[in-house]
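Subject: Structure handover

Hi there,

Here is the structure I promised to pass on, with my notes on what turned up in it. Have a look, then read on below.

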Amino acid sequence: MIKDIYASITRPREIAAMYYIRKHSREIKQYKESLDELASQLSDRDFCYAALNKVSRSFAVVIQQLPEQLKDPVCLFYLILRALDTLEDDMRFSDNEKLPLLRNFHELIGNETWYREGIGDTKDYRDLLKHYPKVARSYNQLDREYHQVIKDITQRMGNGMADFADRKVNSLDDYDEYCHYVAGLVGHGLSGLFSASGLESELLKDKLQISNSMGLFLQKTNIIRDYHEDLYLGRSFWPSEVWKQYADHFDYFANAPESPEALACLNHLVVDALRHIPDCIQYMRLLQNKQVFRFCAIPQVMAMATLAEVFNNPKVFTGVVKIRKGLAARLMLHTQNMDEVIKSFRKFLHIIENKINSNDPNTQNLQKQLKAIYEILDKPELSANQTSKLSFQDSKNSLNKMVEQEV
Ligand code: MG
């Protein structure tokens with residue numbers, strides 16, 4: 001925390017925001033004991049939240065934004081996909097055993113006797129799989145509409161992961177396809193869960209393209225930011241079709257981080273990620289429940305801030321580039337409605353604009369992309385969560401009309 005305060009020392013509002021968030025996230029219980037130790041002490045449900053908090057603190061915080069009836073389905077959806085991903089990521093786990101398991105994991109979701117020991121890259125992941133019956137029992141408590149969504153997405157993601165086990169991300173199409181499996185499908189699933197809860201329009205679950213984009217925008221931002229970490233771990237998700245335009249070897253950029261080639265390659269991928277913003281804005285405009293809106297919008301705004309930070313930044317090639325904790329805290333507090341989201345997006349797009357290097361071969365594409373985004377941001381559209389003067393029924397009707405028009 002001291003380091004984070006120091007980073008925001010000239011920004012007192014960020015420091016205040018950090019204290020506010022810290023104070024209000026105390027309700028999320030943090031345990032010192034390992035999941036393995038907790039398994040015998042906690043109820044199934046408490047174990048699931050403890051597991052969520054261990055494997056993704058940031059997701060555990062953002063899930064607190066959700067309405068009560070959606071917290072359990074979304075928490076379990078996350079843990080089940082995390083279990084699947086744990087199977088996928090463990091490189092010591094042989095393909096002979098792994099691939100059939102990835103393809104059939106959807107049949108095991110509610111199996112209260114299934115578990116695996118010794119699989120997973122971290123202790124928390126291994127403990128999650130070891131105590132999987134606690135997840136399965138919690139899943140079996142959910143309403144059936146949620147089961148359908150979770151099972152369907154798990155099946156599609158598991159098959160996608162198995163397909164990509166011996167396939168590399170070469171073309172931009174591969175890149176989009178891979179990101180669809182690991183993140184776009186999460187977008188589909190969340191829309192399905194929101195519709196099933198009745199808190200969002202039942203038409204939302206059919207908005208596949210824009211739901212997919214919500215996931216792709218986040219995933220691509222992470223892939224761009226994680227260049228250095230992934231290189232160190234011996235993997236790469238940057239499409240070779242792109243990086244081969246700038247270098248013969250993927251590790252060239254780490255050795256020449258300030259070179260025009262390295263920065264142009266990085267910016268090329270940032271421009272590609274920006275392509276998804278119009279869809280994301282459109283998706284967020286369709287949401288009508290304020291808490292669901294915040295749950296979806298906070299990660300989008302954080303990703304936008306991260307893209308502004310990584311754009312044209314040689315540090316991406318030599319370490320981890322992150323936004324200040326203070327900035328993240330402020331963004332979290334100031335993502336209450338669509339107006340605030342648009343304000344944040346504009347701010348970070350301007351930061352990118354101010355960093356444009358006219359010698360960069362991507363500049364023209366970037367400017368075209370920015371123009372298209374500004375047009376969407378400027379569009380004075382009735383956003384569902386701004387219609388507080390309308391009754392719930394009215395706003396629901398206007399939302400349905402908007403969704404229909406869009407089809
Ligand atoms: Mg994985």
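Four residues of domain 1 touch seven residues of domain 2, where a contact means that C-beta atoms, placed from the backbone, lie within 7 Å. On the domain 1 side, those residues are three nonpolar, one polar and no charged. Here Ala, Val, Leu, Ile, Met, Phe, Trp, Tyr, Cys and Pro count as nonpolar, Asp, Glu, Lys and Arg as charged, and the others, Gly among them, as polar. Domain 1 covers 27-167 and domain 2 covers 225-407, with bounds from an automatic or database domain assignment. Their C-alpha centres are 28 Å apart.

Please keep in mind that this is a predicted model: local features need pLDDT of at least 70, side-chain atom pairs count only at pLDDT 80 or more, and totals for chains, interfaces and linings use all residues. Numbering starts from 1 along each chain as its sequence is written. The protein chain has an average pLDDT (the predictor's confidence in each residue, from 0 to 100) of 90, and 91% of the residues score at least 70. Over residues 384-407, however, pLDDT stays under 50, and the model has 32 contacts there beyond four places in sequence.

Now to the helices, which are DSSP runs (H or I, at least four residues) numbered from the N terminus. Helix H4 (residues 44-55) packs on helix H6 (residues 68-89) at about 60°, with the axes 10 Å apart; axes are lines fitted to C-alpha atoms over the stretch in contact, and angles run from 0 to 180 degrees between N-to-C directions. That makes H4 oblique to H6 (under 35 degrees is roughly parallel, over 145 roughly antiparallel, 65 to 115 roughly perpendicular and the rest oblique). From H4, Cys48, Tyr49, Ala51, Leu52 and Val55 make the contact, and from H6, Cys75, Leu76, Tyr78, Leu79 and Arg82. By class, the residues of this H4 and H6 contact are nine nonpolar, no polar and one charged.

H6 also meets helix H8 (residues 123-130): their axes come within 10 Å and cross at roughly 110°, which makes H6 roughly perpendicular to H8. Leu79, Arg82, Ala83 and Thr86 of H6 meet Tyr125, Leu128 and Leu129 of H8.

Best wishes

Technical notes. Helices (H or I, at least four residues) and strands (E, at least two) are DSSP runs, numbered from the N terminus. Two residues are in contact if their C-beta atoms, placed from the backbone, lie within 7 Å.
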